[in-house]
Amino acid sequence: ELGTPGSNASLLEAFRNLRVLVAQFGLTREHPAIPRAVDYVFRCQTPEGDIRGILSNQTIPYYHGALLELVIHAGYADDPRVAQGLRWLLAVRQDDRGWIVPVQAVPARLRAREMWSGPAIPPDRARPSSHLATGMALRAFAAHPWWRSCAEAHAAGAWLASRLFQPDSYNDRRAPSYWTKF
């Protein structure tokens with residue numbers, strides 16, 4: 001769904017570049033490029049705490065978690081914006097303890113151009129969690145020295161572990177080929 005109307009390509013590129021610079025080459029906030037990239041990411045953080053823009057105005061917990069993971073590994077674990085982002089993730093969990101991408105609940109035939117830039121679709125907490133969204137949201141908690149011990153992260157991890165070798169509830173990750181893809 002990348003390329004949706006109003007998507008922030010610069011935020012997606014910041015994510016991709018941080019993934020290479022931090023995850024692959026181990027750069028931290030000591031390198032001058034990293035603070036600039038992290039500041040840009042946090043300029044895309046809403047007052048509620050989510051990092052928004054990759055899919056226009058819609059919330060996307062899996063990119064949010066993956067971005068926070070990189071920011072934490074870059075040396076920003078003590079940044080209050082990280083804590084705000086982790087609190088947001090906890091606030092939007094599903095009843096079964098994991099996460100979804102709320103636009104997944106909207107049938108494809110109803111995903112009009114206007115939907116993407118409209119108000120963020122809230123999660124329907126009664127829907128089952130997504131394996132992909134949960135696993136990527138958990139990355140941020142696993143990377144953080146304090147938040148990795150929080151009960152909510154452990155509960156989400158237990159939920160995800162209980163779903164191993166089972167099809168995801170959402171069409172984009174149902175196939176058995178995803179069961180061993182890391």
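Tutor: Let us begin with accessibility. A residue is called buried under 20% relative accessible area, exposed over 50%, and partly exposed in between. Please keep in mind that the model before us is predicted.

Student: How is R97 classified on that scale, and where is R97 found?

Tutor: R97 lies in the loop between α4 (80-91) and α5 (113-117). R97 counts as partly exposed because its relative accessible area is 36%, a value between the two limits of 20% and 50%. The backbone of R97 also deserves attention: its phi is positive, near 95 degrees, and the residue is not a glycine.

Student: Which phi does S56 have, and is S56 buried or exposed?

Tutor: S56 has a positive phi of about 55 degrees, although S56 is not a glycine. S56 is placed in the loop between α2 (33-43) and α3 (61-76). With a relative accessible area of 8%, S56 is buried.

Student: Let us turn to cysteines. What is a disulfide, and how many does a search of the whole structure find?

Tutor: A disulfide is a covalent bond between the sulfur atoms of two cysteines. To be counted here, a pair of cysteine sulfur atoms must lie within 2.5 Å. The search of the whole structure finds 0 disulfides. As for accessibility, C44 counts as buried at 12%, and C150 is buried with a relative accessible area of 9%.

Student: How does one describe two packed helices?

Tutor: Two packed helices are described by the angle between their axes and the distance between the axes. In this model, the axes of α2 and α3 come within 11 Å and cross at roughly 145 degrees. The crossing of α2 with α3 is left-handed.

Student: Which residues of the largest nonpolar core touch the most other members?

Tutor: That core has 49 residues, of which I51, L68, V82, L86, L89, W99 and F141 touch the most other members. Two or more residues are given to the core by each of α1 (9-24), α2, α3, α4, α5, α6 (131-143) and α7 (151-162). The largest share, 10 residues, comes from α3.

Student: With which residues is L89 in contact, beyond its neighbours within four places in sequence?

Tutor: Leaving those neighbours aside, L89 is in contact with P61, H64, G65, L68, W99, A137, A140 and F141.

Student: Is S130 buried or exposed, and where is S130 placed?

Tutor: S130 is placed in the loop between α5 and α6, and at 2% relative accessibility it counts as buried. Neighbours within four places in sequence aside, S130 is in contact with W99, I100, Q104, W159, D168 and Y170.

Student: Is D95 buried or exposed, and how are D95 and S129 separated in sequence and in space?

Tutor: D95, in the loop between α4 and α5, counts as exposed because its relative accessibility is 58%. D95 and S129 are 34 residues apart in sequence and 8.4 Å apart in space, C-alpha to C-alpha. Apart from neighbours within four places in sequence, D95 is in contact with R125 and A126.

Student: Where is R173 placed, and with which residues is R173 in contact?

Tutor: R173 is placed in the segment after α7. R173 is partly exposed, with a relative accessible area of 27%. Once neighbours within four places in sequence are set aside, R173 is in contact with L132, D168 and Y178. D168 is listed for S130 as well.

How values were computed:
Residues numbered from 1 in each chain as written. Predicted model: local features only at pLDDT ≥ 70, side-chain atom pairs only at ≥ 80, totals over all residues. Heavy atoms only, no water. Helix = DSSP H or I, 4+ residues; strand = E, 2+ residues; numbered from the N terminus. Buried < 20%, exposed > 50% of the residue type's maximum accessible area, 1.4 Å probe, protein only. Axes fitted to C-alpha atoms, helices over the stretch in contact; angles between N-to-C directions. Left-handed = near helix turned anticlockwise from the far one by under 90°. Core = buried A, V, L, I, M, F, W, Y, C linked by side-chain atoms within 4.5 Å. Contact = heavy atoms within 4.5 Å.
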